[in-house]
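Dear colleague,

Please find the structure below, together with its sequence. A summary of the findings follows it.

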Amino acid sequence: MREEELAAVAKIQAEAFFEASPIAPLDPLLYYIFQGGCLSALQEKLKYTKDGFCCLVATSTSEPDRVRGVVEISLQGEKEELKVLREKGFEEESYAYLACMAVARDARRSGAATALLGAAERMAGKWQQNFVLLHTFADNFPGLRLYHANGYADMMRDPDWRSLLGFRKRVLMAKSASVFSVGNAVQSISTNILKVWNPQAEQDAA
Ligand SMILES: CC(C)(COP(=O)(O)OP(=O)(O)OC[C@H]1O[C@@H](n2cnc3c(N)ncnc32)[C@H](O)[C@@H]1OP(=O)(O)O)[C@@H](O)C(=O)NCCC(=O)NCCS
């Protein structure tokens with residue numbers, strides 16, 4: 001994976017997830033540090049996760065070298081999430097987990113995130129997982145709409161005490177393999193080129 005592609009991914013993630021501090025003059029510095037953190041976290045994941053991790057990026061057909069969106073998918077088996085699935089009657093030992101979904105501001109509402117979801121779900125299918133899980137903030141209206149529109153269901157909301165302590169509440173969402181790759185997800189693939197960065201595949205090729 002090229003360094004400039006990694007840097008472009010980190011920039012999109014930083015722009016999407018940086019939260020302004022109460023001390024505005026500090027923000028440029030804090031933003032710079034945050035973007036560096038996004039880059040090094042991604043580098044670490046690609047370097048040390050042997051398999052079960054993929055960074056998917058969306059580019060446009062007109063500018064195939066320009067990264068427009070990103071999502072990370074990994075194989076997980078966290079007890080808390082497995083318990084939620086079990087309570088709904090699903091005895092799973094693992095699941096695919098989506099994180100860090102972000103689309104460049106000037107590329108939004110053109111189907112990039114939908115295409116990324118479709119690609120991630122196909123990856124989950126390849127890993128023989130029955131569920132794709134993710135967290136989004138309960139006040140992230142665009143995120144919630146995106147996931148609901150693509151067939152994700154709310155599984156669990158963080159308890160109220162989280163907001164009393166000043167934390168943003170999250171929603172755990174899930175999609176079952178029985179509805180993977182339906183609807184828009186397949187359709188919009190054709191308008192975006194999707195690259196898959198899989199550390200294992202790169203090692204095999206080397
Ligand atoms: C949320 C986000 C990833 C959506 O990316 P996107 O490429 O614009 O999404 P899509 O074009 O595939 O949108 C698909 C559907 O999601 C919903 N949606 C997406 N953005 C929306 C918005 N700002 N307001 C309302 N609905 C929205 C709509 O239903 C949309 O379909 P439509 O355009 O036909 O109405 C993008 O806004 C983003 O990067 N936000 C900041 C980071 C973030 O919140 N990530 C999710 C964290 S879990």
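Predicted model: local features only at pLDDT ≥ 70, side-chain atom pairs only at ≥ 80, totals over all residues.

Sorted by class, the residues in the shell around the ligand comprise nine nonpolar, seven polar and three charged. In total, 19 residues surround the ligand, and the closest are Arg108, Ala113, Thr114, Pro142 and Leu146. Strand 3, helix 4 and helix 5 (141-149) are the elements that contribute two or more residues to this shell. Helix 5 contributes the most, with five residues.

The largest nonpolar core has 41 residues, of which Leu56, Val70, Ile73, Leu116, Ala120 and Val132 touch the most other members. At least two residues of this core come from each of several elements, including helix 1 (3-17), helix 2 (27-48), strand 1 (53-60), strand 2 (67-76), strand 3 (95-103) and helix 4 (112-126). Helix 4 provides the largest share of the core, nine residues. As for Ala120, once its neighbours within four places in sequence are left aside, this residue is in contact with Leu56, Val71, Ile73, Leu98 and Val132.

Finally, there is Ala20, which lies in the loop between helix 1 and helix 2. Is Ala20 buried or exposed? Ala20 counts as exposed because it has 10 C-beta neighbours inside 10 Å, and the cut-off for an exposed residue is 12 or fewer. Between Ala20 and Leu30 the separation is 10 residues in sequence and 8.6 Å in space, taken from C-alpha to C-alpha.

Yours sincerely

Key: Residues numbered from 1 in each chain as written. Core = buried A, V, L, I, M, F, W, Y, C linked by C-beta atoms within 7 Å. Buried ≥ 20, exposed ≤ 12 C-beta atoms within 10 Å, placed from the backbone. Helix = DSSP H or I, 4+ residues; strand = E, 2+ residues; numbered from the N terminus. Contact = placed C-beta atoms within 7 Å. Near = placed C-beta within 6 Å. Nonpolar A, V, L, I, M, F, W, Y, C, P; charged D, E, K, R; others polar.
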